[in-house]
Amino acid sequence: MGLERAAGEYVAVLETDDWAAEDMYRCLYERAAGDRLDYAAADFDTFFHLQNGYAYFTRQHIFPDRKLDLNGAGKRPGRDWYGRVLGSEEIAVLRSADYTLWRGIYNRNFINANEIRLHESPGAAFQDMGFLQQVKTYGKRAEYIDESFYRYRQGREKASSGCPEGLRYYEGEFRWLAEQRALSCRLSGEHKRYYYLTMSIAFLTKYEQILSGLQGDWEDERLTGPYGWFQQHISRAIAQGLLDKKMYGEEQWERLTLLLASREAHARMAEGREKEKEKP
C-alpha cells in the first residue's frame with residue numbers, strides 16, 4: 001500500500017524498532033539523484049542495549065577491507081567499490097551480500113516500471129529478500145556509500161529474525177519469486193548463479209540457526225516442512241553447474257552439501273561443532 005501511494009522521487013522503509021541518522025535520506029538522495037541511480041545504499045550499525053542502559057553498536061560493512069573472490073571468476077568486491085556507480089553485472093555479485101531493504105532508497109519510477117512489489121505474506125517476515133532480489137534483477141545503476149546511517153536493533157524478543165518459523169518464511173519468499181514469470185525470464189548468467197547462491201546461503205544459515213534453537217531436533221516440522229523445496233532447487237542448481245565449491249568457503253560448502261544429502265548426518269556434524277565450541 002505504501003508503494004502504491006508513494007509520491008516522492010525515491011522511496012525508503014524505516015522499520016518501527018530501528019532508527020536512522022538525521023542526514024541519512026538527504027545524503028542518499030543527493031547521491032542517487034546526482035548519479036541517476038536506480039537505488040543508493042550505505043552501511044549500517046547493529047545495536048543492542050546493555051544492562052547498564054547503554055547501547056552497544058557494531059558497524060556492518062558491505063565491502064570488506066580486503067578484496068574477496070566471491071565467485072572464482074574475477075569479480076572481487078572490496079573497499080574500492082564504495083562510491084562507484086555499479087552496473088548490472090556488479091549488482092548481481094551483491095545479491096547474497098545485500099539483502100536488507102532499509103539500508104537504501106529506491107527510485108520510484110524504476111520500481112513501478114519493473115512492477116517491483118513486496119510479497120504480501122502472513123506476518124510480513126523476511127520480505128526484504130523478495131524485494132531486493134527483484135531490485136538486483138532489474139537494477140542497472142547503483143551506488144553504496146562508505147558511511148553508516150541506519151541503526152538496526154538486535155535482541156528484541158519477538159523479532160522475526162529469531163523466529164523458529166524463519167525457514168518457512170524464506171521458502172515463501174523464494175516460492176513467490178519463482179512464480180514471477182517476468183523475473184524468471186530475466187535471470188541468466190551471473191544473475192542466475194548469484195540468485196541460487198543467495199537462496200542456498202539463506203537456506204543453510206536459517207536452517208542451522210533454527211536447528212541450534214531446537215537443540216538439534218532435525219525432525220522438527222519447522223525444519224522438515226520447508227527442507228524439501230530448498231533441497232530440490234539447490235541440488236538442481238548444483239547439478240546444472242550454477243553452484244560450485246569456488247563460490248563458498250570450504251567449510252560452508254561441506255555443511256551445505258552434507259545438509260542436502262542427509263539431514264541426520266548434518267545434525268550429528270552440527271552437534272559435534274557445538275561441543276567443540278563448549279570446550280575450555
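Contact is taken here to mean heavy atoms within 4.5 Å. The structure is a predicted model, in which local features need pLDDT of at least 70 and side-chain atom pairs count only at pLDDT 80 or more, while totals for chains, interfaces and linings use all residues. Residues are numbered from 1 along each chain as its sequence is written, and side-chain values use heavy atoms, with hydrogens and water left out.

The chain holds 11 helices and six strands, both being DSSP runs numbered from the N terminus (helices H or I, at least four residues; strands E, at least two). Its radius of gyration is 19 Å, close to the 19 Å that the globule rule gives for 280 residues, so the chain is as compact as a globular protein of that length; the radius is taken over C-alpha atoms, and the rule is 2.2 Å times the number of residues to the power 0.38. Of the 280 residues, 46% count as buried, that is, under 20% relative accessible area with a 1.4 Å probe, protein chains only. Contacts between residues at least 6 apart in sequence join residues at least 24 apart in 73% of cases.

Spanning residues 166-178, H6 has 13 residues and reaches 19 Å from its first C-alpha to its last, close to the 18 Å expected at 1.5 Å a residue, where the expected span is 1.5 Å times one less than the number of residues. Its buried residues are Gly166, Leu167, Tyr170, Glu171, Glu173, Phe174, Trp176 and Leu177. The elements covering these buried residues include helices H5 (127-138), H7 (181-186), H8 (189-213) and H9 (221-239).

Notes:
Buried < 20%, exposed > 50% of the residue type's maximum accessible area, 1.4 Å probe, protein only.
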